[in-house]
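Morning, everyone. Please have the sequence and the structure open while I talk.

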Amino acid sequence: MRMLRPMAALVWKDLLLELRSRDIVVSALVFGFLVVVVFNFALKVSPERVAELAPGILWVAFAFAGTLAMSRAFVREREQGGLEGLLLAPVSRDAIFLGKALVSFLFMLVIEAALLPVFAILLNFTSFTLTLAGAILLATLGFATVGTLFSAIAVQTRSREVMLPVLFFPIILPVLIGAVEVTGAAVGSGPETGVVTRWLPLLAVFDAVFLVICPWIFSIIVEE
Amino acid sequence: MAQTGPVGNTNNSIEVTGLHKGFGDLPVLWDLDLELGWGEFLALFGANGSGKTTLLRALAGQARPDSGSIRIAGFDTRRRPAAARRQVGVVAHSAFLYEDLTCRENLTFYGRLYSVENLKGRIEEVLELVGLNRRADRRVRSLSHGMQKRLAIARAILHQPSLLLLDEPESGLDRDSVASLAELLREWTASGRSVVMTTHNVDLGLAWSSRVAVMSNGRLDFDGAGDYLGVGS
């Protein structure tokens with residue numbers, strides 16, 4: 001409970017700032033939209049190949065758009081001295097990290113919710129199931145948690161735009177593979193039962209591990 | 001004269017013992033001892049690079065000591081960092097404000113982080129104190145540098161800390177604002193709370209403080225009443 005109050009304050013502040021500037025969600029959304037459009041034309045996705053190609057295209061779009069959003073997660077704090085202000089407050093570093101990760105998670109869900117209809121229209125994709133929703137939620141949670149950590153690391157380097165994807169993608173790869181596998185099974189391009197029962201719990205385990213390790217690493221890297 | 005402190009029954013707001021802090025091979029603070037009683041106002045002088053800002057950062061919990069101990073209002077900054085940070089308000093070179101939020105929104109955010117009780121009322125109070133109540137709903141980016149500094153002071157005192165750490169607080173303030181800040185700090189120390197301020201303005205430092213220290217090469221070369229320097233106010 002002690003962590004909820006500062007986390008809620010951080011979410012309120014970041015949502016307010018995003019509503020004013022719209023520099024994270026809108027730019028990531030445009031980028032994700034372009035990725036879907038380019039893949040649609042480059043791969044000439046016919047109705048017969050939708051189930052085969054859609055999972056990959058969907059997660060490449062989500063991952064690229066998400067990375068763009070993550071790259072901004074700590075930039076505002078850094079530029080305006082807010083991170084030091086946050087670290088001066090009598091709240092745990094865990095609460096600061098989890099608050100920022102929650103904001104990234106919410107931003108990514110908004111981006112994904114806006115991209116899905118575009119994706120559905122362009123690729124004639126109609127296989128929306130609860131399994132797909134579960135895969136999106138679990139993978140996005142892992143993506144946002146790790147992305148927030150690496151955003152905090154990358155923002156302290158000079159070439160942060162390059163550093164973030166270079167550091168981030170190798171770590172998040174198992175989550176992306178799991179998400180693509182479950183999505184493939186959900187849309188009928190693979191054997192559903194085995195894949196889903198194997199990968200969905202694995203995604204949940206990844207999330208649990210990331211939610212424990214990432215706040216701990218964050219508290220180490222922000223000490224000076 | 002030291003007064004009863006506003007926190008617990010500890011005699012000092014600051015107790016620093018054998019503090020060492022370096023960056024790489026370069027020592028910045030060297031075997032530094034410091035005690036500050038409740039209600040005392042310490043002005044820290046020293047050349048650039050003498051360690052003033054690093055000392056303030058260590059007191060605020062922003063710089064981890066290599067060795068030695070720091071207690072703020074009796075709370076060890078290593079063992080009880082959050083409790084120690086709760087006692088400190090900081091005005092640094094950076095205002096720690098979000099430019100796209102209004103003055104009131106910035107204070108609301110920090111007030112929630114510090115769990116300030118009766119937050120709305122307290123925000124009105126501090127905005128009145130720094131003379132920004134009529135600009136409460138203006139975004140920070142539209143304020144002048146001096147006004148942003150005043151808002152940073154409001155942010156620092158919002159949670160009623162027992163120790164204020166000020167890093168050259170007069171920079172960017174006009175004469176009236178400096179006079180208001182002097183009055184605010186006089187009332188602050190009169191209520192038994194303490195202040196540590198770095199400044200290059202010797203006249204102002206001597207006039208405002210009850211005690212003066214001069215830092216050189218990471219150590220306190222002089223620590224006593226301003227009168228001993230022979231240039232008292």
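How many salt bridges does the rule find across the interface of chain A and chain B? There are 2. A salt bridge here is a side-chain nitrogen of Lys or Arg within 4 Å of a carboxyl oxygen of Asp or Glu.

Some ground rules before the details. This is a predicted model, in which local features need pLDDT of at least 70, side-chain atom pairs count only at pLDDT 80 or more, and totals for chains, interfaces and linings use all residues. Residues are numbered from 1 along each chain as its sequence is written, chains are lettered from A and ligands numbered from 1 in the order in which they are written, and side-chain values use heavy atoms, with hydrogens and water left out.

Now back to the two chains. One salt bridge is R57(B) with E84(A). Their closest N and O atoms are 2.8 Å apart. R20(A) also forms a salt bridge, with E105(B). There the closest N and O atoms are again 2.8 Å apart. R20(A) lies in helix α1 of chain A and E105(B) in helix α3 (residues 103-113) of chain B, so this pair joins two chains. Helices are DSSP runs of H or I with at least four residues, strands are DSSP runs of E with at least two, and both are numbered from the N terminus. Over all chains, the structure holds 15 salt bridges.

Next, the interface as a whole. In contact are 25 residues of chain A and 29 residues of chain B. Contact means heavy atoms within 4.5 Å. The buried area between the chains is about 2,600 Å². Carbon and sulfur atoms give 58% of that. Buried area is the accessible area, taken with a 1.4 Å probe, that two parts lose on being put together, summed over both.

There are also 10 residue pairs in polar contact between the chains, with both residues at pLDDT 80 or more. A polar contact is a pair of N or O atoms within 3.5 Å; within protein, one must be able to donate a hydrogen and the other to accept it, and residues adjacent in sequence count only if both atoms are side-chain atoms.

Which elements give two or more residues to the side of chain A that touches chain B? They are α1 (4-21) and α5 (82-88) of chain A. The largest share, 10 residues, comes from α1(A). By class, this side of chain A has 12 nonpolar, 5 polar and 8 charged residues. Ala, Val, Leu, Ile, Met, Phe, Trp, Tyr, Cys and Pro count as nonpolar, Asp, Glu, Lys and Arg as charged, and the others, Gly among them, as polar.

Let's go inside chain B. Domain 1 of chain B covers 1-87 + 161-233, and domain 2 covers 98-160. Those bounds come from an automatic or database domain assignment. The C-alpha centres of the two domains lie 24 Å apart. Domain 1 puts 16 residues into the contact, and domain 2 puts in 11. Together they bury about 1,100 Å², with 63% from carbon and sulfur atoms. On the domain 1 side, R86(B), P161(B) and L184(B) lose the most area, together 40% of what that side buries.

How many salt bridges does the rule find between these domains of chain B? It finds 0. Polar contacts do occur: 4 residue pairs, both residues at pLDDT 80 or more. On the domain 1 side, α6(B) gives the largest share, 4 residues.

Last, the strands of chain B. An open sheet of 4 strands has the order β2-β1-β4-β5, with antiparallel pairing. β2 (26-37) and β5 (75-76) stand at the edges with a single partner strand each, so one side of each has no neighbour in the sheet. Two strands pair if DSSP finds at least two bridges between them. β1 (residues 12-23) and β2(B) pair over 8 bridges. In that pairing, V16(B) has L34(B) as its bridge partner. The hairpin of β1(B) and β2(B) has 2 residues between the strands, and G24(B) in the turn has a positive phi of about 65°.

V214(B) stands opposite F222(B). N217(B) takes a positive phi near 50°.
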